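Hello,

Here is the structure I promised to pass on. Please load it and read the notes below alongside it.

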Amino acid sequence: MKILFTISTEHGGMYFAIFYTIAFLLGILIFIYEGFRKKYPKLPWLLIALSGVVFFILGSKLFSCPPEEWKQIFTELRFPSTSGKTILGGIIGLIVGVFLASRFLKFRRPVFDNLAIALPLGMAIQRVGCLLTGCCFGKPTQLPWAVKYGSNALPFHTHCDNGLIHLHDSASMPIHPTQLYQIIGCLIIAVIIWRTRKYWKASGSLFLFSVMLYGCLRFFTEFFRDPVANHYFMGEILGGLKYIQWCIAGSLLIIGSFLLFRERKYKEFIINNSYIRDQLVRPVLLIVFIFILYGITKNWFDIMEKLSIHLILFPVIIMLCWKVFQKFTLPRYRWMTAMVCFFSIALMSQTYIPKNPEDKITYTEVGIGGMISKYYESVRQYKGEIMGCLGPYAKFSKPEMHEFSSISYGFHVTHYEVKSLYKRFKFRFAAFAGKYHASNVDSKDVRNEVTIGFNPYLQWDWHNVGFGTGIHVGSFNYAQIHKSTKRMAVGEWENSHNEFWFFPQVHLRLGPYDIAYIEGNLANHFPTSSPMPLYMAGLGTGLGRVDGTKIGTGISDAGYYLQAIYPIKKKFVLEAFYADNLKSGYNLRRIFSFGFSYRFNYKTVKRNKYKLKSPEKI
């Protein structure tokens, strides 16, 4: 028999993440668009969408946990780290989140029907990722449209364990493409939903019908799906059916009865289209609740899921701030109030400048700083990690944990030239020395290393753009937070950091530094960039000052960071930096640095015939 095609899952985890993200974002956009098209109030509608997104992610992760982790959640009130995902759990979480948010906000317009078409379309896209990854795979078959998977896929290892193939074979047995069955079925469901959308009377019936159709599709395709692909106990057989099929059948019976009851008693379900537009307390409380929930379960969100949440959260916060501004200001004078607030912030604490813009002021700055950090590294000892919708197949990997901590001290001498209000030039020469400590958590082996070096650096600043460059010379160690695929003997250390003798330093800023700007940095941190952070990107503001004041935030390889630089009376400069990846246990990454500088030797260089009596503050 000629097989239709053989799928290599070398990059399966990446494909799954890509199609999962596309399906996720498509469902959100369809839901939001449908509400805007029906002219629903935007703020509560976005809040409902945000709640649905958060609960969908939590549901998809929660229902992928094995039974022992469920016990841990309810007995220890601790959420274990997981990368697994299951769509059925996500749907349950979505329903719960949307229902609770709409009820709490007293939003009485139809909500769930806006998800009816988004559900099958999103499922169809997501199953493409499952097909390319090899999860949710089918039973062996001799049908002409059967597929095979390469040696790095879960079907291959399953067939090896069952004795169907040997390790030296190049591909798995031909199996049912159950993911393809679901893709075709979900597209058919989307067409049915679109064609029958006008025949349902009660609000929510169209969505329930969509869920029922998908449940029937899933029940049917489970006959062709390998029990191992169900994971845990859901693939076990009871009375000729899998446990998951019994669960689906019971859910279909409940949903079908409820749908029939709602349609027959439609007149008793009167839709209230009213919404109190001036209420602010409930939206604020809901946002606070979402922040708390997000903080408790932060280990369960990957970068794309966080990005999706932030894409909705950002306009919600802006709209809520605007509602508060409208409530506490008079309509006739709102534009004047906004202008006063803007200029008060932009111009507050503005410092003095030379009376003659052609003059140049120079001064010297001497500083000292320190840095402490702690973080962990996960080293994989066995090759062949298999990704899927329920996360890594743990049978083929074994983690070994290492703990690192470091402390560093630095000293710098800087020369400044202030040519005019917004033009500055800086030359800095810094030297640093530090201690690097590493210990193996399992074996308790310890090693200590010393890092030393120096760092010349140049920086040019104009009002709307700034650029800096330099180089680190010396023992520059950068610890890598990564997963190794190298085979190692038990207890063997892997080199967890790269040692450089030369490393470039770059700084780029776009936007007025006294108001607001974006910036990126490579190895640009005092007292040292060893071992973290190596790169940073974020937003900053000078609070309307031109004397080097800065408050910034963004992301780095150490996690989210906060940075503050504050000059005091033109002589002293305080600097603090904190980064945290907001995780705990063996996922921890944290760094804190501080600095203190002293400015002296102020001079005014005359560049024309006008003469200043004394140097001025910059």
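**Around Gln-179**

Leaving out residues up to four places away in sequence, Gln-179 is in contact with Arg-127, Cys-130, Leu-131, Gly-134, Cys-135, Cys-136, Phe-137 and Tyr-149. Keep in mind that this is a predicted model. Gln-179 sits in helix H7, which covers residues 178–196. Its relative accessibility is 2%, so Gln-179 counts as buried. The cut-off for that label is under 20%.

**Salt bridges**

How many salt bridges are there by the rule used? The count is nine. The rule asks for a side-chain nitrogen of Lys or Arg within 4 Å of a carboxyl oxygen of Asp or Glu. Here are some of the pairs.

Glu-365 pairs with Arg-599. The closest N and O atoms of Glu-365 and Arg-599 are 2.8 Å apart. Are Glu-365 and Arg-599 buried or exposed? Both are buried.

Next, Asp-461 and Arg-509. Their side chains form a salt bridge, with an N to O distance of 3.1 Å. Asp-461 belongs to strand S8 (residues 446–461) and Arg-509 to strand S10 (residues 497–510), so the pair ties together parts that are 48 residues apart in sequence. Asp-461 is buried, and Arg-509 is buried too.

Then there is Arg-545 with Asp-547. This salt bridge has an N to O distance of 2.6 Å. Arg-545 and Asp-547 are both buried.

**Ile-237**

Now for an exposed position. Ile-237 lies in strand S3, which runs over residues 237–238. Why does Ile-237 count as exposed? Its relative accessibility is 56%, and the exposed label applies over 50%. The C-alpha atom of Ile-237 is 8.6 Å from the C-alpha atom of Pro-227. Along the chain, Ile-237 and Pro-227 are 10 residues apart.

**In brief**

Gln-179 is buried at 2% relative accessibility, whereas Ile-237 is exposed at 56%. The salt bridges number nine. Among them are Glu-365 with Arg-599, Asp-461 with Arg-509, and Arg-545 with Asp-547.

Best wishes

Technical notes:
Residues are numbered from 1 along each chain as its sequence is written. This is a predicted model: local features need pLDDT of at least 70, side-chain atom pairs count only at pLDDT 80 or more; totals for chains, interfaces and linings use all residues. Side-chain values use heavy atoms; hydrogens and water are left out. Buried means under 20% relative accessible area, exposed over 50%, partly exposed in between (1.4 Å probe, protein chains only). Helices (H or I, at least four residues) and strands (E, at least two) are DSSP runs, numbered from the N terminus. Contact means heavy atoms within 4.5 Å.
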